Amino acid sequence: MPGRSARELLSAEVLSIGSELTVGETRDTNGGELARSLTEAGVRVQRLQALPDDLEAVTGAFRVALGRADLVVSTGGLGPTPDDLTREAIAAACAEIPDVDPDLEAWLHGLWARRGMPFPAINLKQAWRIPSARAIPNGNGTAPGWWVERPDGRVIVALPGPPREMRPMWHDWVVPRLRGLGLGTDVARTTYRLAGIGESAVADLLGEEILRAPNPIVATYARQDAVDVRISARAAGDRSAAQLVAAAAETVRERLGDRIWATGETTWGEAIGARLDELGWTLATLETGTGGTFAHLLGPLPRLTTAEVRTTAPGTLVELARAIRRASATDVGLAVRARPRSGDTAVSVAVVTGSGTHRESRLAFLGGEQGRQRAALAAADILLRRLRAG
């Protein structure tokens with residue numbers, strides 16, 4: 001194997017290979033999973049690309065990626081059939097000729113012999129290797145991966161497409177070796193979860209100066225259950241990544257205030273459940289017009305004693321919240337009602353505890369199922385605020 005120049009692996013591109021991806025028959029989960037893993041390791045992922053089983057296209061993608069990134073990771077195209085072209089593409093991009101590796105050939109023959117089956121000649125392709133490649137063992141399939149170190153220090157990692165094969169090969173074999181070569185850099189990140197505000201309003205409060213800064217990076221994401229603000233940074237100069245994130249986070253908290261209800265990947269059920277645990281309280285809920293979206297949002301909550309869903313319910317919301325609290329012998333009773341209003345959804349919530357009553361109304365954007373889901377989010381926000389107020 002040729003010598004390799006010292007090179008930090010700070011940038012990467014991920015290639016997902018297979019026509020089943022480009023025609024929409026199969027959803028590519030590998031690319032996102034690998035991108036997350038690399039990002040967490042402090043690597044800048046520059047591109048994710050899905051490619052058809054076309055030798056010219058795949059070879060070109062490897063060549064271009066090797067000109068831009070320190071690390072190129074591919075999944076798919078390592079099977080035994082003629083349309084599995086990843087080996088040929090890497091060989092062409094590296095100007096090398098593949099040949100049968102005797103050790104890989106013996107391993108493959110052993111797999112079939114163990115099952116008492118004749119070895120198909122077509123599978124010999126999976127024993128191919130170019131001089132600069134090292135085989136990545138596959139304990140869950142018949143397609144070894146390739147680890148290729150280029151003379152300029154760049155690295156190619158080729159993995160099979162099935163996730164049950166790709167994942168252990170990546171995490172158990174590839175990542176430790178990448179770290180040994182100098183994978184990534186010092187990074188830190190934190191995420192704030194917001195309620196009662198839209199993504200555009202969040203962006204307006206934060207301002208362009210913060211949102212366009214290259215390091216730390218502050219970005220907004222509209223999720224199904226919240227608007228998230230993610231802060232990430234790389235070490236720069238004499239400041240660590242954690243220090244840069246902490247400074248930016250202080251500004252974000254000042255500008256967004258009590259709209260922040262959680263950090264990280266905390267769910268509404270986890271946040272409400274944690275506060276109920278702190279108080280030692282139990283909860284009962286009654287929903288009308290929501291289709292049960294509030295109970296679904298909370299999920300399996302041990303301190304949720306009763307969760308009733310009705311199409312209609314007579315009485316005021318406060319009366320309903322008191323009634324469900326009394327009937328369930330809980331510390332907190334919550335009643336939520338959702339009604340269509342001019343294309344949107346009117347939401348009313350009542351929260352009753354031993355120390356008082358709170359009633360609040362909001363207008364949730366859109367109607368139908370989306371409106372009901374937003375009604376549940378409004379109810380969760382109101383409940384959590386009341387619980388945190390004690």
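1. **Basis.** This is a predicted model: local features need pLDDT of at least 70, side-chain atom pairs count only at pLDDT 80 or more, and totals for chains, interfaces and linings use all residues. Residues are numbered from 1 along each chain as its sequence is written, and side-chain values use heavy atoms, with hydrogens and water left out.

2. **Helix H9.** H9 covers residues 241-256. Helices here are DSSP runs of H or I with at least four residues, strands are DSSP runs of E with at least two, and both are numbered from the N terminus. The 16 residues of H9 should span 22 Å at 1.5 Å a residue, and its end C-alpha atoms are 22 Å apart, which agrees. The expected span is 1.5 Å times one less than the number of residues. Gly257 follows H9, and its phi is positive, near 55°.

3. **The buried side of H9.** Buried means under 20% relative accessible area, exposed means over 50%, and partly exposed lies in between (1.4 Å probe, protein chains only). The buried residues of H9 are Ala241, Leu244, Val245, Ala248, Ala249, Val252 and Leu256. They cover an arc of only 130° around the axis, so they sit on the same side of H9. That arc is taken from the directions from the helix axis to the C-beta atoms. These buried residues pack against strand E9 (187-194), helix H7 (199-206), strand E10 (217-222), strand E11 (227-234) and strand E12 (260-263).

4. **Val245.** Val245 lies in H9. Its relative accessibility is 7%, so Val245 counts as buried. Contact means heavy atoms within 4.5 Å. Leaving out residues up to four places away in sequence, Val245 touches Ala188, Arg189, Thr190, Ile231, Ser232 and Ala233. Ile217 is 28 residues from Val245 along the chain, and their C-alpha atoms are separated by 8.7 Å.

5. **Salt bridges overall.** The structure holds 20 salt bridges. The criterion is a side-chain nitrogen of Lys or Arg within 4 Å of a carboxyl oxygen of Asp or Glu. Side chains of opposite charge can pair when their charged atoms come close.

6. **Asp70 and Arg7.** These two form a salt bridge, with the closest N and O atoms 2.7 Å apart. The pair links distant parts of the chain, 63 residues apart. Asp70 is in the loop between helix H3 (55-68) and strand E3 (71-75), while Arg7 is in the segment before strand E1 (11-17). Asp70 is buried at 11% relative accessible area. Arg7 is partly exposed at 24%.

7. **Arg154 and Asp152.** Here the closest N and O atoms of the salt bridge are 2.9 Å apart. Arg154 is buried, at 13%. Asp152 is partly exposed, at 36%.

8. Asp381 forms a salt bridge with Arg385, and the closest N and O atoms are 3.0 Å apart. Both residues belong to helix H13 (residues 368-388); they are 4 residues apart, so about one helical turn separates them. Asp381 is buried at 4%, whereas Arg385 is partly exposed at 31%. A network of salt bridges links Asp258, Glu360, Arg362, Asp381 and Arg385.

9. **Asn123.** Asn123 sits in the loop between helix H5 (102-114) and strand E5 (128-129). It counts as buried, at 8% relative accessibility. Its side chain makes a polar contact of 2.9 Å with that of Gln126. A polar contact is a pair of N or O atoms within 3.5 Å; within protein, one must be able to donate a hydrogen and the other to accept it, and residues adjacent in sequence count only if both atoms are side-chain atoms. Not counting residues up to four places away in sequence, Asn123 touches Pro80, Leu108, Trp112 and Thr142.

10. **Strand E13.** E13 (residues 283-288) has 6 of its 6 residues buried, so it is largely enclosed by the rest of the structure. In a regular strand the side chains alternate between the two faces of the sheet. Both faces of E13 are covered: Leu283, Thr285 and Glu287 are buried on one side, Ala284, Leu286 and Thr288 on the other. E13 pairs with strand E14 (residues 304-310) in the parallel sense, over 6 bridges. Pairing requires that DSSP finds at least two bridges between the strands. Thr285 has Ala307 as its bridge partner in E14.

11. **The E16–E17 hairpin.** Strands E16 (residues 344-353) and E17 (residues 356-364) run antiparallel and are joined by 9 bridges. They form a hairpin with 2 residues between them. Ala350 has Arg359 as its bridge partner in E17.
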